[in-house]
Amino acid sequence: MTDSLGQQKPVNIKAQLQACRSKEETFKALVTLSKTLPRLSVEEKTEDNKVKGCESAVWLIMEENDGLRHFKADSDAKLMRGVLVALLSLVEGKTLADIQQMDLKAELAELNLSSYLTSSRTNGVLAILNKINTI
Amino acid sequence: MAFDPSSLRHLFPILAQSAYDHPLTYLDNAATTQKPLPVLDAIQDYYRSFNANVHRGAHFLSDRATNRFEQARDTIASFINAPEQSHVIWTKGATEAINTVAFGLEHLLEKGDEILITSLEHHANLVPWQQLAFRTGARLRILPLTSNGKWEPEFSHYFTDRTRIFAATQISNAIGVSTPLQTMLDHAKQQGAFTLVDGAQAVAHYPIDVQILDCDFYVFSGHKMYGPTGIGVLYGKSHALEVLLPYQTGGEMVRHVSYQATEFNVLPYRLEAGTPHIEGVIGLAAACDFLNAQDRLSLLAWEQSLATHVYSRLHKEGGIEIYSPEKNTTLVSLSVPNIHILDLNAYLDSQGVAVRAGSHCAHPLMAQLGVAGTLRASFACYNTMEEANRFCDVLLEAIDLLNDE
Ligand SMILES: Cc1ncc(COP(=O)(O)O)c(C=O)c1O
């Protein structure tokens with residue numbers, strides 16, 4: 001696998017998204033980011049791993065090593081995969097306590113992604129945040 | 001001469017704005033239409049000059065409000081050619097109107113009775129019947145659209161001597177297909193069934209005559225026909241309304257109350273518990289006046305020509321699947337294999353183009369089409385040919401951007 005999440009430095013993602021001056025630029029940046037998300041296998045896309053409440057299908061998997069949390073995620077919608085790249089870059093490798101202290105909504109808003117937070121009916125990023133905090 | 005939308009577009013000030021630095025292109029009219037100035041003015045005027053509760057205090061303002069409120073009932077009655085204004089019941093929308101009927105007829109249903117609907121129904125004309133079936137032991141039956149989007153040539157066998165209720169939409173909100181209503185209603189009536197027509201997607205586009213349709217109930221929402229939200233109509237024939245048990249009780253709908261018993265008021269009040277949505281009623285009447293002042297058939301022809309134009313531009317594009325008919329519809333519902341409709345929608349939105357991506361409150365229909373949802377562009381009288389073209393252009397751009405290789 002050539003693309004891996006590790007190659008996209010969080011700072012880089014942050015800079016890329018913060019540089020967007022319009023909805024269109026954010027759209028294009030998310031499309032670009034989406035290509036860096038390693039896709040989940042069919043076996044990993046279980047009902048259990050599915051995030052309820054998203055109109056696009058979203059799966060989220062967490063593995064904990066020595067208290068540090070590592071995430072994998074996928075979606076059938078491309079922009080959502082871009083959002084997931086941004087979101088996971090914020091929480092990757094942190095402890096549960098650290099994650100729970102973060103204001104992920106505010107951090108996503110800083111990345112120009114607040115319009116993805118408004119309506120849980122259409123994209124369910126809030127449902128994903130919820131799962132990240134409770135998984 | 002062809003209809004020119006600029007003749008009335010200036011009446012819709014909301015359309016003259018930009019969205020993310022692009023001209024706002026509003027093509028989500030099947031969800032709700034924008035409201036013309038006369039409707040906005042009527043609502044303002046109500047609060048500025050005659051706000052009072054109706055049918056109550058005998059005083060100057062209350063008399064004015066009550067008069068205008070009941071005049072509005074006349075306006076709506078003639079808008080759908082109801083024989084009498086008492087046949088027009090105010091509801092908060094199509095959904096509440098259908099629920100009023102579903103609860104009101106419950107006492108007449110028995111185990112084994114059949115409720116027949118079509119496979120095109122919005123959840124609003126499905127779930128209330130399904131739940132009624134659960135409560136009564138009746139059977140919910142579905143008259144399906146075949147896989148090629150046509151009706152079976154022979155569907156009379158769906159109507160049986162157990163069919164007690166037949167409820168069907170006039171036009172599908174999800175894919176714009178019309179139902180062969182008259183034939184279906186004839187079959188239903190031959191079996192002695194109550195008939196309900198969901199006109200939510202029809203009233204903004206088609207002149208409606210409930211006496212020609214000859215259904216027992218006709219329902220619609222004001223907000224889809226240039227009127228305010230929160231107001232809708234249940235029309236019923238008198239015998240049909242008379243048998244409905246009120247599903248809400250309270251003030252306004254009573255004639256005399258003691259601790260032992262209540263004597264209900266006459267129609268239409270018997271089915272209108274509580275203080276009504278007065279500003280909504282006033283605004284809806286103004287929306288009817290607005291439509292009555294237009295040449296309705298030329299508006300319809302224009303809206304259909306926009307949908308047909310979009311259809312003809314897009315159906316040849318590799319990969320776009322269109323679920324709407326080519327002609328005689330005012331919307332285009334489509335999907336693109338391997339591209340998520342939410343992704344398409346996000347790009348359209350970034351360019352100021354407002355459409356609807358989703359299942360359109362019709363999960364079973366989407367399942368039948370084999371898609372999770374569709375992207376729907378739906379037209380109203382103020383939409384221009386430039387907007388129809390812009391939708392096509394931006395959609396094709398989106399497909400380019402989102403296609404993998
Ligand atoms: C065909 C149809 N029926 C019923 C409804 C429900 O209307 P409302 O939500 O205004 O009650 C809609 C609204 O989308 C519709 O399109």
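## Ligand shell

The shell around the ligand holds three nonpolar, eight polar and two charged residues. Ala, Val, Leu, Ile, Met, Phe, Trp, Tyr, Cys and Pro count as nonpolar, Asp, Glu, Lys and Arg as charged, and the others, Gly among them, as polar. Of the 13 residues around the ligand, B:T95, B:D198, B:S221, B:H223 and B:K224 come nearest (near: a heavy atom within 4 Å).

## Basis

This is a predicted model, in which local features need pLDDT of at least 70 and side-chain atom pairs pLDDT 80 or more, while totals for chains, interfaces and linings use all residues. Residues are numbered from 1 along each chain, chains are lettered from A and ligands numbered from 1 in written order, and side-chain values use heavy atoms, without hydrogens and water.

For B:H122, a side-chain N or O atom is 3.2 Å from a ligand oxygen. The protein covers 85% of the ligand's own 400 Å² of accessible area (Shrake-Rupley method, 1.4 Å probe).

## The pocket

The ligand sits in the second largest pocket (more than half of its atoms within 2 Å of the grid points). A pocket is an open set of points on a 1 Å grid over the protein atoms alone, where a 1.4 Å probe fits, with protein on both sides within 12 Å along at least five of seven lines; lining residues have an atom within 4 Å of a point.

This pocket holds about 400 Å³ of space (filled by probe spheres set on the points). Its lining has 21 residues; B:T95, B:H122, B:S221, B:H223 and B:K224 are the closest to its centre. Domain 1 (6–32 + 296–402) and domain 2 (39–292) of chain B both contribute lining residues, so the pocket lies between them (bounds from an automatic or database domain assignment).

How values were computed
Polar contact = N/O pair within 3.5 Å; in protein donor to acceptor, adjacent residues only side chain to side chain.
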